[in-house]
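Visitor: I would like to learn how to read a model like this one. Please take me through it feature by feature.

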Amino acid sequence: MRYLPQTQNARKEMLKTVGATSVDALFRDIPEEARHDKPFDLPNHQGELQVERDLSALSEKNISAQDAPFFLGAGVYYHHVPSSVDYIIQRSEFLTAYTPYQPEIAQGTLQVIFEYQTFIAKLTGQEVANASLYCGSTATVEAALMAMRITKRNKIAIGSVLHPEYRKVMDSYMSNLSDRVVFDGEPDEETACVILQSPDFFGNPQKYDEWRQKCDAVGALLVVVINEIVSLGALPPPAQADIVCGEAQSIGLPMSFGGPHLGFFSCKEKYIRQMPGRLCGMTEDADGRRGFVLTLSTREQHIRRDKATSNICTNQGLCALAFTVHMGLLGEDGFKQLALLNHQSACKLADALSLIDGVDIENTNFFNEFVVTLPKDSSVVVEDLATAGIIGGYALDGNRLLVAATEMTTDEDIEEFVHVLSEIL
Amino acid sequence: MDGNRGLHYEENLLWEKEYSDHPGVDLPPVEITSLRTGQDARETIGLPQLSEPQVLRHFVRMSTWNYSIDHGFFPLGSCTMKHNPRLNEKLARLKGFAHIHPMQSESTVQGALELMHELQSWLGELTGLPGVCLTPAAGAHGELAGVMTIRRAHEVNGQAQRKIILTPDSSHGTNPATAVMCGFEVRSMPTSETGCLSVEVFKEALYKTDPNGADIAGMMVTNPNTCGLFEKEILEISKLLHDAGGYFYCDGANFNALVGKVRPADFGVDVMHINLHKTFSTPHGGGGPGSGPICCTEELAKYMPVPNVVKEDDGSYRRETMEDRPTSLGTLKAFQGQFGMHVRALSYMKSHGADGLKQVSEDAVLNANYILRSLCDDYHAPYADNGPCMHEALLTDKKQKQHDVTTLDIAKALVEYGYHPMTVYFPLVLPGTMLIEPTETESKDSIDRFVTTMKKIAQDAQEGKAEEFHNFPQSTPRKRLDEVKAARQPTLSWKHVA
């Protein structure tokens with residue numbers, strides 16, 4: 001019971017002050033029938049050592065990216081996180097703080113959010129960004145919902161191959177919310193927005209001008225989804241978009257089996273009052289000194305209740321901090337260099353794989369991920385590679401395999417991958 | 001802007017510093033000379049550039065402006081700011097948890113799936129609700145998952161005409177916002193003078209537009225409620241609701257009052273979310289990440305989102321798909337939730353165990369009652385005469401307002417005296433409410449010091465020191481901030497001013 005500071009004596013004294021004979025007397029409003037008199041079918045408390053042993057044993061049953069040549073991407077990427085990032089996010093002042101609703105004692109968190117918003121706006125070529133959302137998939141849904149609020153239309157066009165998990169989430173939200181239609185193809189006059197993932201799920205970078213024109217012709221908004229935010233260091237920014245959203249896990253966060261990650265969201269300034277999520281703004285204090293506060297909260301659920309733009313309450317505060325520290329370390333040159341190193345790794349991987357008999361690279365263009373076609377079923381190949389200790393990519397339909405490389409990928413990793421893959425095929 | 005006096009730091013923005021000619025990371029040189037992206041290279045982005053010590057110092061200095069649970073008492077009602085054990089941080093960072101990918105073959109992540117399965121079992125046992133879905137990313141997301149589950153159940157059962165969700169006026173703002181998002185109409189129910197929902201008020205709302213309540217989809221109730229009280233008539237209310245064909249959604253924000261002691265299934269709950277970042281101590285992190293699994297009855301489990309983790313006869317674990325459960329509403333988040341938070345929460349649960357968790361709710365409730373009794377003479381405590389509270393004590397500024405001191409002033413005075421304020425102006429059922437949740441991780445000594453401070457504030461208010469209050473806080477890195485100015489012409493990112 002190491003987390004409980006009360007002593008038996010203190011409990012007795014407090015009960016006396018309260019005027020109760022026992023703690024159970026304080027629970028008297030709970031009807032008899034609703035009380036659980038049997039013991040729970042759960043073990044009793046354990047010391048730190050035992051808990052650590054139990055959970056470590058579970059962790060050791062998994063193959064981590066640190067233990068195997070790793071070529072899986074598909075929206076979640078294995079990157080290096082500098083030590084300073086993890087140190088900063090474990091500082092008590094950030095880790096154990098609350099949402100900054102009391103700005104006088106939360107300027108640290110607030111200035112970080114302001115810097116985070118600035119990073120996202122600049123990277124995506126947009127005017128404003130929010131304080132973050134749960135993840136790329138829910139950010140994409142929020143973008144679609146926002147486009148529907150702005151245009152008062154209820155159809156969503158998917159313009160390029162969207163991450164299949166994002167697509168599932170989009171379909172589930174739209175079919176469970178009310179009569180909203182999600183379709184693949186070009187926008188018509190009932191379309192609220194085009195969702196354009198770039199690079200698309202198969203790794204192909206998209207060109208925005210053509211889609212901008214298609215949207216303008218029918219009055220739809222253009223929403224660009226970025227799965228791999230590092231790509232923005234090598235590719236032109238989606239400045240033509242009305243909304244840019246996606247996943248920023250690649251900067252500062254481990255893959256962590258799918259979360260917590262970092263959904264980002266930016267847009268044109270004219271749409272801010274329709275934006276979901278928290279926003280941090282600059283202001284002054286009573287002495288005229290610069291400070292920061294959460295602002296425009298009249299959009300949010302705690303003020304507007306049933307008339308809020310979204311039911312979202314939280315952001316991914318600590319994840320946004322990790323991102324901001326990592327971006328601060330990378331800076332202008334470091335971020336671009338990181339992007340080019342990712343592209344370089346992918347180029348090396350493509351060149352090496354294309355030398356294997358029967359293996360072809362499907363993409364003409366890519367950033368750090370592309371599709372290869374194999375002479376046999378890719379899901380079987382992925383399992384065989386796992387048996388050989390290689391996490392070999394994501395099996396698409398039939399013989400197609402999606403593979404990624406990052407700055408973590410070494411020449412030796414690629415050699416081993418090519419060697420084992422040649423044997424399996 | 002930069003500088004400091006004693007230990008008070010000023011720190012400008014990254015963009016306002018003198019840039020270095022090299023970044024804060026050393027990366028290998030780029031060898032390729034041409035791109036295969038099919039596009040032009042990125043031009044200047046407009047990012048700052050600093051070395052590692054400059055960046056580290058920047059964030060450490062800013063951190064000194066934050067108050068946190070490790071600094072002191074954080075009596076924020078409905079938010080459960082309790083101690084965050086560092087063991088949980090350590091375990092979430094084990095390479096077999098931190099560096100695994102959600103789309104790896106399941107054969108390579110059996111330990112992670114087993115952990116999720118175990119967490120599902122703990123939550124199922126503690127709530128009495130066996131259907132557990134871990135995917136929701138936060139409390140509000142869990143609410144969405146829960147209300148969509150109700151919607152889906154009605155739809156599948158040919159009850160799509162049920163369009164109304166009942167909720168008390170004391171509910172969290174996320175409740176009505178979620179119901180509306182799911183296409184429901186919200187019918188608000190007034191809280192009675194006792195601070196609870198009465199059977200009479202409930203019946204009136206239930207049968208208002210249909211004599212059998214056949215247009216009611218369900219109700220969203222927080223229990224214990226946001227007035228800090230257990231809904232005494234909840235058994236009768238939930239029975240009436242069930243008889244009318246509606247489902248009971250329980251907002252789990254206040255589960256810390258019940259954990260290890262009372263199972264929500266036993267007072268009629270059909271589906272609820274659990275805030276792992278409240279009851280199970282995953283850190284708030286300055287506003288996230290949260291984690292909001294839902295727990296539901298076997299009946300509703302057919303409709304809740306996929307995937308959850310199932311154990312096969314051979315002892316292996318896998319994620320179920322829509323093919324396993326075609327009645328499911330689908331997927332509400334890519335992959336399977338905030339796994340890093342699942343690791344932390346399970347570590348916390350195992351540390352406490354069944355005996356420890358029971359002690360958690362008992363101490364949380366005792367601490368709140370101790371505060372209520374210690375302060376009910378100094379402050380208006382609207383429900384104190386009716387008996388004990390649960391894990392939160394509700395006060396208002398009624399007495400202090402006569403001296404021109406409001407709840408906001410009291411909050412800012414607490415800031416001046418070194419505390420994070422309680423939740424203010426919530427719930428909305430009375431003017432000037434202050435909701436105090438001490439949690440179980442405060443000692444009597446810590447609470448006594450808080451009580452002394454609150455008594456001093458009440459005394460000062462009575463002595464007519466209103467002017468002093470209006471200028472609080474004085475000792476913080478910034479004084480009161482101009483929120484109107486921030487909203488009038490929003491500046492949401494740094495722009496270079498020439």
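Visitor: What ground rules apply here?

Guide: This is a predicted model: local features need pLDDT of at least 70, side-chain atom pairs count only at pLDDT 80 or more, and totals for chains, interfaces and linings use all residues. Residues are numbered from 1 along each chain as its sequence is written, while chains are lettered from A and ligands numbered from 1 in the order in which they are written.

Visitor: What pLDDT does chain B average?

Guide: pLDDT is the predictor's confidence in each residue, from 0 to 100. Chain B averages 96, and 99% of its residues score at least 70. For the complex, the predictor gives an ipTM of 0.97 and a pTM of 0.97.

Visitor: How many helices and strands does chain B have?

Guide: Both are DSSP runs, numbered from the N terminus: helices are H or I, at least four residues; strands are E, at least two. Chain B has 15 helices and 14 strands. Its radius of gyration is 25 Å, close to the 23 Å from the globule rule for 498 residues, so chain B is as compact as a globular protein of that length. The radius is taken over C-alpha atoms, and the rule is 2.2 Å times the number of residues to the power 0.38.

Visitor: What share of chain B counts as buried?

Guide: Count the other C-beta atoms within 10 Å of a residue's own, with C-beta atoms placed from the backbone: 20 or more is buried, 12 or fewer is exposed, in between is partly exposed. In chain B, 60% of the 498 residues count as buried.

Visitor: Where are the cis peptide bonds to proline?

Guide: Look at omega. One cis bond runs from A:Ser198 to A:Pro199, with omega near -15 degrees. A:Pro199 sits in the loop between β4 (191-197) and α9 (208-218) of chain A. Another joins B:Asn223 and B:Pro224, with omega about -5 degrees. B:Pro224 is in the loop between β6 (216-222) and α8 (234-243) of chain B.

Visitor: Which residues should I look at for positive phi?

Guide: Look at residues other than glycine. A:Leu296 has phi near 55 degrees, in the loop between β9 (290-294) and α10 (301-304) of chain A. B:Asp404 has phi of about 65 degrees, in the loop between α11 (398-401) and α12 (407-416) of chain B.

Visitor: Why does B:Asp404 count as partly exposed?

Guide: Because 14 other C-beta atoms lie within 10 Å of B:Asp404. A:Leu296 also counts as partly exposed, with 19 such neighbours.
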